[in-house]
Amino acid sequence: MTLFDKIWNAHVVCPAEGNLEVLYIDRHFIHEVTSPQAFDGLRQRGISLFRPAQTVATADHNVPTRHQDQPITEPLSRFQVDKLTQNCNAFGVELYGLGHPYQGIVHVIGPELGITQPGMTIVCGDSHTSTHGAFGTIAFGIGTSQVEQVMASQCLLQARPKRMRINVEGNLQPGVTAKDIILYIIAKLGAAGGTGYFVEYAGSAIRALSMEGRMTVCNMSIEMGARGGLIAPDETTFEYLRGRTFAPQGENFEEAVAQWSTLYSDEDAVFDAEHHYRAEDIAPMITYGTNPGMGMRVGDAVPLAPAAGDSLASFEKALQYMGFQPGEKLSGKPIQYVFIGSCTNARIDDLREVAAYVKGRKVAPGVNAMIVPGSQQVAAAAIAEGLDKILTEAGFDFREPGCSACLGMNEDKVPAGAYCVSTSNRNFEGRQGPGARTILASPLTAAAAALYGHITDHRQSAN
Amino acid sequence: MEKFTTIRSTAVPMPMEDIDTDQIIPARFLKATTREGFGENLFRDWRFAPDGTPHADFVLNNPVYGGQILVAGKNFGCGSSREHAAWAIQDAGFRVVVSSFYADIFRGNALNNGLLPVQVSPQFLFNMFSAIEADPKAVFTVDLEKQTIRIDALNLEETFNIDPFRKTCLINGYDDIDYLLSLKSKIENFESSRLEPAIQTL
Ligand code: SF4
């Protein structure tokens with residue numbers, strides 16, 4: 001049996017109509033943008049939240065990343081964030097809102113607080129819920145109607161997706177990171193290559209990743225259309241969870257580990273699709289287009305023809321939007337913005353890596369480089385370690401936690417026509433602001449772009 | 001949820017592929033806390049210049065096209081899970097979306113709101129675009145009961161798949177919550193019978 005099926009089967013309450021099953025949800029994360037209409041739905045039906053103690057809320061998508069100690073100035077954002085507070089109070093949901101030491105991007109705080117644990121089913125009204133799959137969970141994004149369903153019943157009606165396994169074997173070259181692995185996989189499979197599937201990532205290169213790296217990989221599963229991605233838990237997972245705030249403690253932890261250790265795909269497990277890649281083939285990656293599948297090695301030229309899954313029309317439209325020519329080399333291309341943040345790459349490891357790389361150096365003149373920690377805990381750790389000083393001295397704008405320029409709902413936007421090398425997960429048209437041109441990359445590639453003012457391979461630029 | 005019956009209508013063509021939900025409704029319009037009013041900002045940045053002037057060449061600004069059916073290229077609705085995308089399409093007057101391939105979350109969101117995502121073959125999609133190109137007033141008939149979509153002028157018909165439960169829900173205007181609420185005791189039994197230790201609450 002596959003790992004996915006083991007977890008899924010343990011959560012089926014009963015079969016429903018047709019091929020649908022009633023799937024029990026262990027943890028429900030909510031945030032200010034996709035929950036208000038769901039709370040209103042409960043009100044209209046006159047029902048309460050079924051299992052408030054399995055629900056956790058935070059404010060992240062629409063919060064400012066400066067002066068979080070003061071009231072939000074933008075009226076619509078303030079209204080939305082206040083609404084979350086009122087709803088959580090009214091329905092008895094634990095809220096880690098602005099000002100709370102646990103506040104942060106929902107997919108950063110779940111794991112760091114130990115709320116996310118192997119074998120669970122986890123949902124959130126946000127497509128990057130797949131991040132939690134790094135712990136060996138079935139975690140996926142849902143729409144607001146489904147948020148309401150989970151609030152009302154702690155269950156969802158779901159058809160079992162197909163299973164895919166992606167194996168990455170071997171050793172990564174120095175300077176190649178988890179983000180490069182996932183951008184490489186998506187470039188191979190295309191932006192819709194995983195639609196209908198739940199993906200298990202396996203192989204020695206995946207096993208060798210830290211939990212932070214595994215989260216980066218699972219985070220972007222949705223960018224190839226997959227419902228989610230997961231990785232079998234192992235010692236790395238258990239060590240990460242040991243002692244975390246909401247993880248089982250003491251004897252209970254040892255018991256939990258014994259149980260979590262049964263969570264893997266059996267040797268004879270059958271997958272509906274399987275792909276194999278070699279870690280040695282992966283180099284630092286960037287995107288050149290307007291979907292995350294349009295990726296290539298930093299040193300490569302923009303392809304002359306559409307790659308996996310893109311039509312000529314979308315390829316041409318994308319290049320026109322980005323202002324790139326087919327066959328053009330992007331290395332050396334000037335950029336104006338750098339964004340290091342988001343649920344893909346704003347954990348403490350990412351900040352450490354960037355700080356170590358930029359220490360004693362300076363952001364190039366004319367580059368606006370923003371670094372936004374994923375949570376209050378990440379920010380606090382960064383400050384305790386002095387990373388904020390290193391980054392600020394190098395010329396980075398060190399902000400307060402939130403989704404920020406990943407989706408540009410608050411004032412952190414990239415202006416029309418400007419290029420932004422971003423560690424986030426989506427390079428869609430206008431994602432970082434109307435007309436903004438996003439180039440997805442790893443934190444190291446983004447940091448190198450900040451220091452040099454252009455796209456460059458951070459490995460060559462290091463000396 | 002509004003009940004779904006047969007729809008006979010002209011259609012609006014959007015032959016682009018990979019139309020993501022950030023295009024359908026950009027994030028900066030997600031600050032509303034109700035479900036209404038998103039139609040105004042449907043495809044906002046394709047429809048309007050930053051100063052608010054309409055892009056004359058964008059299909060939704062072209063009075064020649066209209067109707068309750070939106071026809072789009074493959075992988076429609078990819079990206080963000082925002083249900084606001086389905087609300088915006090519906091709020092703008094559409095009851096049906098036609099494409100040759102949908103992103104999973106969008107499909108579910110549409111169905112949960114009485115917006116019917118019809119998945120057709122690439123050939124049929126091509127025929128629909130051609131029919132609209134030949135005559136923007138070409139009429140299409142979507143019959144949910146029979147699970148068929150027809151290009152009336154060409155008398156070309158294709159059947160489409162839909163989960164029987166979803167179909168019943170759409171036809172009767174029910175949603176999943178009504179169903180799940182009826183299972184409450186089963187859900188409680190499941191919770192108390194779990195083999196794993198009951199999950200620690202927060
Ligand atoms: S950081 Fe970006 S991708 Fe992640 S939850 Fe926030 S908006 Fe979504």
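**View 1. Three strands of chain A form an open sheet.** The strand order is E1-E2-E8, and the pairing is antiparallel. This is a predicted model. The edges of the sheet are strand E1 (12-15) and strand E8 (155-159) of chain A. Each of these edge strands pairs on one side only. On average, neighbouring strands of the sheet are turned by 30 degrees against each other, direction ignored. Strands of a sheet pair through backbone hydrogen bonds, either parallel or antiparallel.

**View 2. Strand E1 meets strand E2 in chain A.** E2(A) covers residues 20-24. The two strands run antiparallel, and 3 bridges join them. Look for Cys14(A): its bridge partner in E2(A) is Val22(A).

**View 3. A salt bridge links Arg160(A) and Glu21(A).** The closest N and O atoms of this pair are 3.5 Å apart. Side chains of opposite charge can pair when their charged atoms come close. Where do the two residues sit? Arg160(A) lies in the loop between E8 and strand E9 (162-169) of chain A, while Glu21(A) belongs to strand E2 of chain A, so the pair ties together parts that are 139 residues apart in sequence. Over all chains, the count comes to 38 salt bridges.

**View 4. A helix of chain B lies across the sheet strands of chain A.** The helix is H8(B). The strands it lies across are E1, E2 and E8 of chain A. H8(B) runs at about 140 degrees to E1(A).

**View 5. Chain B and chain A are in contact.** How many residues does each chain give to the contact? Chain B gives 58 residues, and chain A gives 79 residues. Between them, the two chains bury about 5,500 Å². Carbon and sulfur atoms account for 58% of that area.

**View 6. Charged and polar pairs join chain B to chain A.** There are 7 salt bridges between the two chains. One salt bridge pairs Asp178(B) with Arg45(A). Their closest N and O atoms are 3.1 Å apart. The count of residue pairs in polar contact between chain B and chain A is 24, with both residues at pLDDT 80 or more.

**View 7. Several helices of chain B give residues to the side that touches chain A.** Among those giving two or more residues are helix H3 (84-91), helix H4 (104-111), helix H6 (164-172), helix H7 (176-181) and helix H8 (184-193) of chain B. What is the make-up of this side by class? The side of chain B that touches chain A has 22 nonpolar, 13 polar and 23 charged residues.

Terms used:
Residues numbered from 1 in each chain as written. Chains lettered and ligands numbered in written order. Predicted model: local features only at pLDDT ≥ 70, side-chain atom pairs only at ≥ 80, totals over all residues. Heavy atoms only, no water. Contact = heavy atoms within 4.5 Å. Buried area = accessible area lost by both parts, 1.4 Å probe. Salt bridge = Lys/Arg side-chain N within 4 Å of Asp/Glu carboxyl O. Polar contact = N/O pair within 3.5 Å; in protein donor to acceptor, adjacent residues only side chain to side chain. Helix = DSSP H or I, 4+ residues; strand = E, 2+ residues; numbered from the N terminus. Nonpolar A, V, L, I, M, F, W, Y, C, P; charged D, E, K, R; others polar. Pairing = 2+ DSSP bridges. Axes fitted to C-alpha atoms, helices over the stretch in contact; angles between N-to-C directions.
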